[in-house]
Amino acid sequence: MKILKFLFHSLVGTANVIVMVLLILAAYSDWVAPSSSILFSYLGLGFAVIALLNLCFLFYWLIVGKWKMGLVVVASFLLCLGPLTSYFPLHCTKQKVPEEALKILTYNVMGFAYKDHTQTSPNEIVKYIADSNADIVCLQEYTVYPSEKLLTSKKLFNALKMYPYHKVMDRNIAVFSKYPITNSRQIKYESVANGSAIHEIDVNGKKLILINNHLESLKLTTEDKTKYKVFIKSLGADEFDGLKGTFQQKLGPAFRIRAKQAEILAQEIQAAGNNYVVVCGDFNDTPISYAHRVVQGPLIDAFSESGCGMGISYNQNLFFFRIDHILHSKNIKSFNCTVDRKIKASDHYPVWCYMSLD
């Protein structure tokens, strides 16, 4: 009996060592470009699951009284403390917001859910934006329609008349602002349907450089997402085999394209110098990814600074990831960054925070 118990603990210990190694590799996977190794991009995507598995092992060792092994697991978490606190921040107490702070909202609106907006039947997404009291609104997948039976530009601008300044750019990205937008241009990089734009906004005499992004999407079809959902629920080998080929064909190229886009954005951020800088939008990548790390550079992740929890911002098909982000320069302080789950009209939740310009 003792031999069986020893063998079982040895087997569990071996599995735990593998998970600890994977945790450390995943935690720092964002330092490896997808062009060098795509494996690290997948590890970064699985960081939360690997961390959870390691936590389960820790509980197991504590329950069976193997304290030394438990300390080794704790040591592996300490080695990954920076990535862990960035991915799972715990600023759960609401902060006092300075009166002069701006409220920044970023929202992938999924074409405004392809619905009209009228007084008798308001579009839920349009109403949310109008009631948000945000000072600057960054939208992705912005789509309006020529038919009066659907949401037109005229209807939208009238519903959002509290924003006298707005700029709609190519690739379905737009900015609405209570402050003057003095200059705007598209950022050129490789993409068929996604894009980024840079804006200069005059905030009471201070120049704010705002970059709104919708980086390369995974291009997964509804069928692909359904397969993924079935696999997550069943963890079956057959489902995994079918999903593996799809992910290799679509995720790998998307990781590489986003990496190039991120490098171009990093150059734009560097060129902004010491100005106030806010970079936000749908990155289609997690906080631990090459694209996020390169774009962030010297900037601060607002959710990591003032948010709480995982901040899952995509709400469909069990894709439990924070892929919508707000980053800002060090001369800005963020408060109460929130993924707002009260509205589920789009496949993304809106993300907002207050920002004080030093």
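So, how many bridges join strand β1 to β2, and do they run parallel or antiparallel? Five bridges join β1, residues 102-108, to β2, and the two run parallel. Strands here are DSSP runs of E, at least two residues, and helices are runs of H or I, at least four, numbered from the N terminus; two strands pair if DSSP finds at least two bridges between them.

Quick caveat: this is a predicted model, where local features need pLDDT of at least 70, side-chain atom pairs count only at pLDDT 80 or more, and totals for chains, interfaces and linings use all residues. Residues are numbered from 1 along each chain as its sequence is written, and side-chain values use heavy atoms, with hydrogens and water left out.

Back to β2, residues 136-140: five of its five residues are buried, meaning under 20% relative accessible area with a 1.4 Å probe, protein chains only. I136, C138 and Q140 point one way, V137 and L139 the other. Opposite L139 you'll find Y107.

Next, the open sheet: six strands, mixed pairing, in the order β5-β6-β7-β8-β10-β9. β5 (181-187) and β9 (300-301) are at the edges with a single partner strand each, so one side of each has no neighbour in the sheet. Inside that order, β7 (206-214) and β8 (276-282) pair parallel over seven bridges, with L208 bridged to Y276 in β8.

Last, the helices. α3 (47-64) packs on α4 (67-79) at about 155°, axes 8 Å apart; the axes are lines fitted to C-alpha atoms over the stretch in contact, and angles run from 0 to 180 degrees between N-to-C directions. That makes α3 roughly antiparallel to α4, a word used for angles over 145 degrees.

Terms used: Angles under 35 degrees count as roughly parallel, over 145 as roughly antiparallel, 65 to 115 as roughly perpendicular and the rest as oblique. Buried means under 20% relative accessible area, exposed over 50%, partly exposed in between (1.4 Å probe, protein chains only).
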